[in-house]
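Let's take a look at this one together.

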Amino acid sequence: MTSTSGTDEPRPELLETIDEAGCYRLLGAVTVGRLAVVLDGHPHLVVLNHLLAGRVLLFRTREDAAIARVTGEGLALQAEFEVDSAFAAAASGWSVIASGLLVVERDRERVAVARSGIHAWAEGERDTVLRLDIARVSGRRVGAL
């Protein structure tokens, strides 16, 4: 393999795994990501603001949102939540995925934390609080930065 510097030395691998502690730091460092679930046999992806509270993620959404209606029926949905950042000019970035069960949050303290700590970008009422109980996190970083 020829490197871009014109030598025959192989270029170093620029893809690395982020450890668990690093994944949690990055989940807490950003305020928006993408929540993915399967509804009626089809993938459903929603961009949501979030708050990391220990080993759970909290979300605020509308009562009539599809994920709120399904979880409001007492169902737990298998879900994945992804956060990332990219710097195209340097061909670098990172991505973290948290997987677990998504439920309606019933704990009053967590609901209060979510309502005061999550400021939804979308206007309007967002009083239904959902919780993702994280069972697994994984992350990768790419690039020289």
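Find Asn-49 in strand E3, which covers residues 42-53. Keep in mind that this is a predicted model. Is Asn-49 buried or exposed? Its relative accessibility is 10%, and the cut-off for buried is under 20%, so Asn-49 counts as buried.

What does the side chain of Asn-49 reach? Another is the backbone nitrogen of Trp-121, at 3.0 Å. If you skip the neighbours within four places in sequence, Asn-49 is in contact with several other residues, among them Val-32, Leu-58, Phe-59 and Ile-118.

Leu-14 sits in the segment before strand E1 (15-18). With a relative accessible area of 43%, Leu-14 is partly exposed.

## Strand E7 and its partners

Strand E7 spans residues 128-142, and it pairs with E1 in the antiparallel sense over four bridges. To spot this pairing, look for Glu-16, whose bridge partner in E7 is Arg-141.

Strand E4 (residues 56-61) also runs antiparallel to E7, joined to it by six bridges. Here, Arg-60 has Val-129 as its bridge partner in E7. Then there's strand E6 (residues 92-104): 12 bridges join E6 to E7, again antiparallel. For an example, check Leu-102, which is partnered with Leu-132 in E7.

Note on methods. Residues numbered from 1 in each chain as written. Predicted model: local features only at pLDDT ≥ 70, side-chain atom pairs only at ≥ 80, totals over all residues. Heavy atoms only, no water. Helix = DSSP H or I, 4+ residues; strand = E, 2+ residues; numbered from the N terminus. Buried < 20%, exposed > 50% of the residue type's maximum accessible area, 1.4 Å probe, protein only. Polar contact = N/O pair within 3.5 Å; in protein donor to acceptor, adjacent residues only side chain to side chain. Contact = heavy atoms within 4.5 Å. Pairing = 2+ DSSP bridges.
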